[in-house]
Amino acid sequence: MLRCFCCSYGEPRSSQSFMNKSPSYPWEIYTLKELIHATNNFHEENKLGEGGFGTVYWGRNNKGIEIAVKRLKSMTAKAEMEFAVEVEILGRVRHKNLLSLRGFYAGGDERLIIYDYMPNQSLVSHLHGQLASDVKLDWHRRISIAIGAAEGLVYLHNEPIEKLPGGIKRDIVHWVMPMIEKGRWGNIVDPRLGGRYNPVQLRSAVVLAIRCTDGEPDNRPTMKEVVEYLRGGMVEARMKEVVMARDDLEEEDDDEEEDDDTKSSQTPNHYREKTNLKLSR
Ligand SMILES: Nc1ncnc2c1ncn2[C@@H]1O[C@H](COP(=O)(O)OP(=O)(O)OP(=O)(O)O)[C@@H](O)[C@H]1O
């Protein structure tokens with residue numbers, strides 16, 4: 001993979017970025033001069049955020065388009081691999097729900113990746129960060145985001161591109177399972193929504209998420225099924241909403257009387273069996 005774009009390393013001949021003509025790599029190779037100019041020499045005020053491998057800066061390229069420039073921290077083998085993966089894989093990805101890579105620069109110790117600028121900040125900052133208190137994401141928007149993310153994954157699973165590295169984080173599953181077992185669906189929901197959510201959609205989405213983390217790959221739904229299920233669940237949910245909301249209230253009242261302190265050390269599979277989570281509609 002590294003070899004694929006090593007041949008493009010080093011200062012390009014002209015001081016202008018140029019377009020790669022290959023239809024499978026529609027990115028541009030930028031010059032360092034252009035990126036220094038675009039980001040005001042990677043000025044602190046242009047900083048958008050920091051990730052595991054580098055700092056991301058806002059900028060405007062010489063066509064006047066807003067860009068986000070990721071500057072990789074240090075040229076360790078790991079960082080070099082991150083750069084290779086992002087350029088090689090994201091360079092080919094073209095989907096409305098996936099961040100597009102506009103181009104890159106590689107020369108000396110400098111590795112820069114250029115993306116389209118996303119003005120609305122990250123999902124995590126809306127859910128848990130500095131924008132969380134505004135609660136701009138109501139229940140309906142959250143479900144739409146889940147569907148949009150699943151559609152992006154359908155594309156990635158069906159396009160002939162290499163798999164991205166990394167594993168599933170299981171912590172959230174361990175957190176949610178005891179609440180499902182006790183039927184405390186309401187406790188799973190972000191309290192900032194102030195109870196304004198659809199209980200049927202909540203159950204569908206949570207059950208679906210649990211199935212997606214099944215240790216046995218054959219038991220997991222495909223991402224196409226996930227999208228269909230989420231979309232179908234939204235229509236179905238509106239019809240059942242009133243009935244389920246009443247059931248939830250009754251169940252949660254009953255559960256309040258149970259012993260709260262029971263800490264469970266059971267595995268997610270144990271809970272799956274116990275709660276008989278099924279994806280049948
Ligand atoms: N295209 C973009 N438009 C606007 N902001 C961005 C963009 N890309 C990244 N950011 C901001 O920069 C931060 C760091 O992004 P980066 O991709 O380096 O790391 P990450 O995805 O948060 O984590 P990791 O390094 O583990 O992948 C993001 O959390 C986001 O706030």
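Start by selecting Ala-106 and Arg-111: Ala-106 stands opposite Arg-111 in strand S7. They sit where S6 and S7 pair in the antiparallel sense over 6 bridges. Two strands count as paired here if DSSP finds at least two bridges between them, and the strands themselves are DSSP E runs of at least two residues, while helices are H or I runs of at least four, all numbered from the N terminus. Before you go on, note that this is a predicted model: local features need pLDDT of at least 70 and side-chain atom pairs count only at pLDDT 80 or more, while totals for chains, interfaces and linings use all residues. Residue numbers start from 1 along each chain as its sequence is written.

Stay on the hairpin of S6 and S7, and pick out Gly-108: there are 2 residues between the strands, and Gly-108 takes a positive phi near 55 degrees. Now colour S6, residues 101-107, by burial. With 6 of its 7 residues buried, S6 is largely enclosed by the rest of the structure. Buried means 20 or more other C-beta atoms within 10 Å of a residue's own, exposed means 12 or fewer, and partly exposed is in between, with C-beta atoms placed from the backbone.

What pairs with S6 in the parallel sense? Strand S2 (residues 28-29) does, over 2 bridges. Select Ile-29 and you'll find Phe-104 of S6 opposite.

Step back to Ser-100, in the loop between helix H3 (77-90) and S6. It has 15 other C-beta atoms within 10 Å, so Ser-100 is partly exposed. Leaving aside neighbours within four places in sequence, Ser-100 is in contact with Val-93, Arg-94, Tyr-115 and Asp-116; contact means C-beta atoms, placed from the backbone, within 7 Å.

Next, select Lys-70, in strand S5. UniProt lists Lys-70 under "binding site" in an unreviewed entry; its positions are in the numbering used here, feature names are shortened, and annotations may be inferred rather than shown by experiment. Is Lys-70 buried or exposed? Buried, because it has 23 C-beta neighbours inside 10 Å. Across the strands, Lys-70 has Val-56 opposite, and also Ile-113 in S7. Beyond its neighbours within four places in sequence, its contacts are Gly-54, Val-56, Leu-112 and Ile-113.

In the S4–S5 hairpin, with 5 residues between the strands, look for Gly-64 in the turn, whose positive phi is about 85 degrees.

Now show the ligand. Of the 16 residues around the ligand, Gly-49, Gly-51, Gly-52, Val-56 and Ala-68 come nearest; a residue is near if its C-beta atom, placed from the backbone, lies within 6 Å. Strands S3 (47-50), S4 (54-60), S5 (66-72) and S7 (110-116) each supply at least two residues of this shell, and S3 gives the most, with 3 residues.

Last stop: helix H7, residues 199-212. Its buried residues include Leu-202, Ala-205 and Ile-210. Zoom out, and the protein has 9 helices and 7 strands.

Conventions: Two residues are in contact if their C-beta atoms, placed from the backbone, lie within 7 Å.
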